[in-house]
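Subject: Structure for your review

Dear colleague,

Please find the structure below, together with its sequence. My notes on what was found follow it.

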Amino acid sequence: MPVFSLTLIPNSSQPSRLDQFLEVTLPNELKKRIGEVLCSRSKIRRLIIAGAVKINGVREHRPARNISTKDTIIVTLDTQKFLFEKKPEDFILEMTESSILFEDEHLIIVNKPSGIPTEATIVSSRDHLHAVLKRYLQQRDKTRNEPYVGLHHRLDRETSGVILFTKTRTVNAAVHKLFLNQNIVKKYNAFAISPKNIILSINDVFSVENKIGRLTSKSSRGKWGAVEEEGDIAITDFTILKTSSFFNHIQAMPRTGRTHQIRVHLAGLDMPILGDTLYEGPQSFPSGETISRICLHASSITFPHPVSNEVITVSAPLPQEMKKILEESSRIL
């Protein structure tokens, strides 16, 4: 029974919102057909958005749609797709020429996509950008031995954008010194919730300076936050680029490089980043449309070249999914 349909009639004791109604009713219905099934809200939302749900014969794509006891809801399920749980380690990236933002004999700067770690993790099978780049260069340059690629800074798995690597060991010390002395200017684009009690305007600037430390144990998912002691100093400058009733488009310029720094600083201001559920960011817009990723993108870096000393700025365009949010913000908010 790979594909089948379920007909559901709401009653007054059940949730009146479509995704919540399915979260309550689907597990019991599926248990009768195929046994115990995990029906997470994110999975149900994807099911609705994909067009697998009809209300009174009309396909419905809005998870937040209100329903009533007069409605007939039909869910068409492809069990193979529904039961499949994609894990981060299933993400395989193949780099292309368009991923390279800058390259010379000393440096290579690439545009990292969201969803892939920068370096190896404890899950040995999980692909990561450092390995992908070495594969790409070896195949492109047709070298027998694996090329050298030096890693000097990182982006969170969920964050996209500009990331710099060295191609020779001879420049490693100079590049390390650039980062150590904060001679590399990094700019990020973030979409963060509009704070409830503060009115922000375009071109408003503000900074956050505090100590950041890990809040969770090393055996659990990493979460960082402001701490009084034993943390590391973290400083970020922010500029408001665009405002709306739901979220602000913000430029972030971290002066230090702490783990989750921008995410922690914005969450601490009651402005978590869209899609950043680890720091209480929303998973959907008020319209019910799902936010598909953490809306944080490393947009550019500026630095003096470690050999020529020429000042270079390398930029990565806003990812398509974030660009779409900006373009459609007036419709979906």
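Does I44 count as buried or exposed at its relative accessibility? I44 counts as buried, because its relative accessibility is 0%; buried means under 20% relative accessible area, exposed over 50%, and partly exposed in between, computed with a 1.4 Å probe on protein chains only.

Before going further, please note that this is a predicted model, in which local features need pLDDT of at least 70 and side-chain atom pairs count only at pLDDT 80 or more, while totals for chains, interfaces and linings use all residues. Residues are numbered from 1 along each chain as its sequence is written, and side-chain values use heavy atoms, with hydrogens and water left out.

Surroundings of I44

I44 is found in helix 2, which covers residues 41–49. Helices (H or I, at least four residues) and strands (E, at least two) are DSSP runs, numbered from the N terminus. Residues up to four places away in sequence aside, I44 touches D19, L22, E23, L26 and C39; a contact requires heavy atoms within 4.5 Å. I34 lies 10 residues from I44 along the chain, and the C-alpha atoms of the two are separated by 17 Å.

Salt bridges

How many salt bridges does a search of the whole structure find? The search finds 17, where a salt bridge is a side-chain nitrogen of Lys or Arg within 4 Å of a carboxyl oxygen of Asp or Glu.

D19, one of the residues that I44 touches, meets R17 in a salt bridge between their side chains, at 2.8 Å from N to O. D19 is buried, with a relative accessible area of 0%, whereas R17 counts as partly exposed at 23%. A second salt bridge joins E60 and R62, whose closest N and O atoms are 2.8 Å apart. E60 counts as buried at 6% relative accessibility, and R62 counts as partly exposed at 44%.

Another salt bridge is formed by E146 and K134, with the closest N and O atoms 3.5 Å apart. E146 lies in the loop between helix 4 (129–141) and strand 7 (150–151), and K134 lies in helix 4, so the pair ties together parts that are 12 residues apart in sequence. E146 is exposed, with a relative accessible area of 53%, while K134 counts as buried at 17%.

Salt bridges that share partners also join D156, R157, E158, R263 and D276 into one network. D276 lies in the loop between helix 6 (261–268) and strand 14 (296–304). D276 is buried, with a relative accessible area of 1%. Apart from its neighbours within four places in sequence, D276 is in contact with R263, G281 and I294.

Aromatic pairs

Rings of Phe, Tyr and Trp (its six-membered ring) pair if their centres lie within 6.5 Å; planes under 30 degrees apart count as stacked, over 60 as edge-to-face and the rest as tilted. By this rule the structure has 3 aromatic pairs. One of them is the tilted pair of F191 and F247, at 5.2 Å centre to centre and with 35 degrees between the planes. This pair links distant parts of the chain, 56 residues apart: F191 is in strand 9 (residues 185–193) and F247 in strand 13 (residues 247–254). Both F191 and F247 are buried.

F206 and F238 form a stacked pair, at 5.2 Å centre to centre and with 25 degrees between the planes. Here too distant parts of the chain are linked, with F206 in strand 10 (residues 205–214) and F238 in strand 12 (residues 232–242), 32 residues apart. F206 and F238 are both buried.

Yours sincerely
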